[in-house]
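This briefing is intended to be read beside the sequence and the three-dimensional structure. The points are grouped by topic.

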Amino acid sequence: MMSTQTFILNKYRLENLESIDLYKKSLKEVGCESAYYSYELMLNGENENQELHFFLFKAEDETLIAVMPFLLRKIILNDQLSKYKDVSSPWGYNGPFFLDGTSEELIQQFWSNVDSWYENNNVVTEFLRFNFFGNHKKYSGTAKHTLLNVKGKITDWDVFWSNLKSNTRNQFRKAEKLGLDFKMYFGDFSENRINDFYKVYINTMNRREAVDSFYHSLNYFIEYWKNNSENCAFGLVYQNNIPISAELFLISENTIYSFLGGTDSDFFKLRPNEYLKINAIKWGNQKGIDYYMIGGGLSNGVDDKLYQYKKKYFPLDDDIDFYTGRKVVLPEVYLELLRKAGYKNANNTSLENIENEYFPKYRDIKP
């Protein structure tokens with residue numbers, strides 16, 4: 001691309017069949033196959049206070065360079081609706097998806113156009129969850145290393161099995177001897193299997209007292225499956241035909257991604273979760289899938305207990321780095337919002353600390 005070309009950034013709201021079709025066609029045009037960009041998956045973030053939108057960045061010859069989905073969110077403080085808004089990426093791994101081969105210069109031009117749009121539309125801050133394809137590079141805000149994510153190679157089943165610690169192999173054998181039954185539902189199958197998944201999933205969310213963003217309706221999962229049947233699979237473990245452990249896996253880039261699931265706490269001792277994950281890896285190996293992404297912990301570091309649990313499946317594989325992006329577009333307005341949220345001493349130091357605290361901080365209401 002020549003730097004003398006003109007580039008155009010357009011914003012659309014995902015609100016009707018026409019805009020949804022444009023979004024899906026645009027993803028194909030830039031070569032995006034990632035399940036985390038699917039419209040139906042992102043719907044879990046939309047409500048009366050935040051709307052799904054997307055940017056398209058094109059050259060003057062109509063070449064599409066980037067697609068970026070995002071949530072445009074109202075800012076409500078002290079029960080008062082502000083004239084300002086902020087931006088967050090939908091849950092998962094996304095941010096802008098660039099056409100393969102896009103130069104660093106052009107990526108910087110994209111962010112310059114985005115930031116100008118924000119300034120002209122009263123957007124105060126931007127928070128992004130980047131994908132694993134390097135789209136955090138040349139970001140115009142602060143790209144923060146946020147979590148280590150466990151990703152393992154599964155093409156050689158014998159090597160995978162031998163790399164497991166003996167206690168993990170024993171947990172699998174124990175579940176097998178107890179007669180647990182594993183099923184992976186992929187492609188065309190009965191909606192009843194999603195009902196089985198949902199019973200385990202929603203009971204797990206209730207037990208953990210999960211935050212609202214993790215609660216989804218049964219219809220949310222059914223609609224996602226109907227529109228993306230080749231990009232998802234439902235893994236279930238049964239005892240005596242009763243579902244006791246379940247997981248929704250996303251499938252793209254020749255990788256299985258753990259997404260959402262749970263286990264009935266009454267059956268923990270039977271090790272159904274280990275049985276589910278190892279069988280899912282075995283299924284992926286049989287399907288010719290190369291990688292399994294289990295995800296990360298609750299904090300950034302190797303001492304995190306959840307990270308350690310996930311790491312036991314691929315103890316010798318290299319982790320993958322997950323980055324989030326933080327940006328203050330309107331600094332003075334940001335400080336004003338902090339003060340309204342109860343941070344009376346907000347000053348320029350608050351702008352310097354965005355990498356090390358909840359962001360945007362005005363959404364972390366001070367008691």
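The model is predicted. Its largest nonpolar core has 41 residues, and a separate core holds 33 residues.

**Nonpolar cores**

- In the largest nonpolar core, the residues that touch the most other members are F110, W111, Y118 and V124.
- Two or more residues of this core come from each of strand 1 (7-13), strand 2 (50-59), strand 3 (64-77), strand 4 (80-88), helix 3 (104-120), strand 6 (123-129) and helix 10 (331-340).
- The other core, which lies apart from this one, includes L147, I202, Y220 and L250 among its 33 residues.
- As general background, nonpolar side chains in soluble globular proteins tend to be buried together.
- Beyond the neighbours within four places in sequence, V124 contacts I75, Y84 and K85, as well as K327, V328, V329, L330, V333, Y334, L337 and Y362.

**Helix 3**

- The 17 residues of helix 3 should span 24 Å at 1.5 Å a residue, and the C-alpha atoms at its ends are 25 Å apart, so the two values agree.
- Buried positions in helix 3 are L106, I107, F110, W111, N113, V114, D115, W117 and Y118.
- In general, residues three or four places apart in an α-helix point the same way, because there are 3.6 residues a turn.
- N122 follows helix 3 and has a positive phi, near 60 degrees.

- K327 belongs to strand 13 (residues 320-328).
- Is K327 buried or exposed? Its relative accessible area is 5%, under the 20% cut-off, and K327 is therefore buried.
- Although K327 and Y118 are 209 residues apart along the chain, their C-alpha atoms are separated by 11 Å.

**S26**

- S26 sits in helix 1 (residues 17-29).
- S26 has a relative accessible area of 3% and is buried.
- Leaving out neighbours within four places in sequence, S26 is in contact with L56, L64 and V67.

**Helix 6 and helix 7**

- Helix 6 (residues 191-208) packs against helix 7 (residues 218-227) at an angle of about 135 degrees, and the axes are 10 Å apart.
- Helix 6 is therefore oblique to helix 7, and their crossing is right-handed.
- From helix 6, the residues E191, I194, N195, F197, Y198 and Y201 meet L218, F221, I222, W225 and K226 of helix 7.

- Helix 5 (residues 166-177) and helix 8 (residues 272-286) have axes 9 Å apart and pack at about 100 degrees.
- This angle makes helix 5 roughly perpendicular to helix 8.
- Helix 5 contributes T168, Q171, F172, A175 and E176 to the contact, while helix 8 contributes E274, Y275, I278 and N279.
- G179 is in the loop between helix 5 and strand 8 (181-186).
- The relative accessibility of G179 is 49%, which means that G179 counts as partly exposed.

Terms used:
Residues numbered from 1 in each chain as written. Predicted model: local features only at pLDDT ≥ 70, side-chain atom pairs only at ≥ 80, totals over all residues. Heavy atoms only, no water. Core = buried A, V, L, I, M, F, W, Y, C linked by side-chain atoms within 4.5 Å. Buried < 20%, exposed > 50% of the residue type's maximum accessible area, 1.4 Å probe, protein only. Helix = DSSP H or I, 4+ residues; strand = E, 2+ residues; numbered from the N terminus. Contact = heavy atoms within 4.5 Å. Expected span 1.5 Å × (residues − 1). Axes fitted to C-alpha atoms, helices over the stretch in contact; angles between N-to-C directions. Parallel < 35°, antiparallel > 145°, perpendicular 65-115°, else oblique. Left-handed = near helix turned anticlockwise from the far one by under 90°.
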